[in-house]
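I opened the model today to look up a few residues. My notes follow the order in which I checked them.

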Amino acid sequence: MKKIQTPKTLILLIILMGISFCLKAQKVKNIEPIRQGNTIVVNYEITDAKFNQKFDVSLYVSRDGGKTFEGPMQSVTGDVGKGIRDGEHRIIWDVFKDVHSLDGNIVFDVKARVIEEKVPKEFMVSYMGSLDAPLGVTVGQLGKTGWYASVKTGTKFSSPEYSYGGETWSPGFTEAQYYEFNTTEKIRRLSVTGGFTWQLGRNFFMYTGAGYGMKDLLWQMEIYEYGGSQTDEEYVQHPDYSYSGVEAEAGFILRMGSLLLEAGATTVNFEYTNVTLGVGVAF
């Protein structure tokens, strides 16, 4: 029998992807001036802005190749001033309203001061489960930062009476009894976790957390009387495929209006890993 396990690096990959989103910083690039009569059109682009960022944009000019700059220029129209978002933009500068002449080694600079919008917080509740723990609920709060708590469990709740010990294992039956394993397996599963949520985009979130997890692999044992028929059935824990201890998890949440779609991974002691899926609502 093989362990049902996905690579433990999946959780680390999810966390690193989230960090890469958070570490991005906005840039102003592709500054391109084009002369049109007495005006100069300065095209520019703002990239890698966060979902809650707008910008206060100003135009500066240098006559000495970029050693010193004058500005901000006042006679400007177009995509300039407060409220500019990321993307491609242009500024129209009426040159001779600000300067008498424009000669020398001309260089333009576009500066964008960050203005962060306040991010509202929303409560969420969702179903989240996996193949081994199909019953689960998650509650929490979404925002720039938030929190969550989650409980997931399987459909087998009672503890097994026996723990299998290999070829020399004896369950302590009477001399008149014997056992056989059939092909039926069950998984006894419990996961209780909590942690934090981060907003990576306007409708995109990440969650990471930890808590307690337990997974038991149970084999079904049929008990017989010698010379007679089957008398009972019991589930037996297989310790080589059972785990308990610290459970860590990470994943992403996509918001579509009030609907939430969730996907992630969870692991018990980095020995048993499983994919989780969920659906919920934000309000």
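Which residues make the nonpolar surface patch of about 760 Å²? I am working on a predicted model, so I keep that in mind throughout.

**Entry 1: the patch.** I listed the members of the patch. They are F123, V125, V137, V139, W147, V151, V192, V281 and F283. Next I sorted them by element. Strand 8, strand 9 and strand 10 (145-153) each give two or more residues to the patch.

W147 sits in strand 10. Its relative accessibility is 38%, so I logged W147 as partly exposed.

**Entry 2: D132.** Where does D132 sit? I found D132 in the loop between strand 8 (122-129) and strand 9 (135-142).

Is D132 buried or exposed? Its relative accessibility is 5%, so D132 counts as buried. The cut-off for buried is under 20%.

I then checked what the side chain of D132 meets. It makes a polar contact with the side chain of Y272, at 2.8 Å. The D132 side chain makes another polar contact with the side chain of N274, at 3.0 Å.

**Entry 3: S242.** I moved on to strand 14 (residues 230-256), which holds S242. The relative accessible area of S242 is 13%, so I noted this serine as buried.

Which backbone nitrogen lies 3.1 Å from a polar atom of the S242 side chain? I found that it belongs to L217. L217 also turns up among the residues that S242 touches, once those up to four places away in sequence are set aside.

**Entry 4: F181.** My last stop was F181, in strand 12 (residues 177-201). I read a relative accessibility of 29%, so F181 counts as partly exposed.

What does F181 touch, not counting residues up to four places away in sequence? I wrote down Y164, W169, W219, Q220, M221 and V236.

I also took one distance. F181 and L142 are 39 residues apart along the chain. Their C-alpha atoms are separated by 48 Å.

**Recap.** I have D132 as buried at 5% and S242 as buried at 13%. I have F181 as partly exposed at 29% and W147 as partly exposed at 38%.

How values were computed:
Residues are numbered from 1 along each chain as its sequence is written. This is a predicted model: local features need pLDDT of at least 70, side-chain atom pairs count only at pLDDT 80 or more; totals for chains, interfaces and linings use all residues. Side-chain values use heavy atoms; hydrogens and water are left out. Helices (H or I, at least four residues) and strands (E, at least two) are DSSP runs, numbered from the N terminus. Buried means under 20% relative accessible area, exposed over 50%, partly exposed in between (1.4 Å probe, protein chains only). A polar contact is a pair of N or O atoms within 3.5 Å; within protein, one must be able to donate a hydrogen and the other to accept it, and residues adjacent in sequence count only if both atoms are side-chain atoms. Contact means heavy atoms within 4.5 Å. Patches are made of residues with over 30% relative accessible area and no salt bridge: like charges are joined within 9 Å, nonpolar side chains (Val, Leu, Ile, Met, Phe, Trp, Tyr) within 5 Å. Accessible areas come from the Shrake-Rupley method with a 1.4 Å probe; for residues, only the protein chains shown count as cover. A salt bridge is a side-chain nitrogen of Lys or Arg within 4 Å of a carboxyl oxygen of Asp or Glu.
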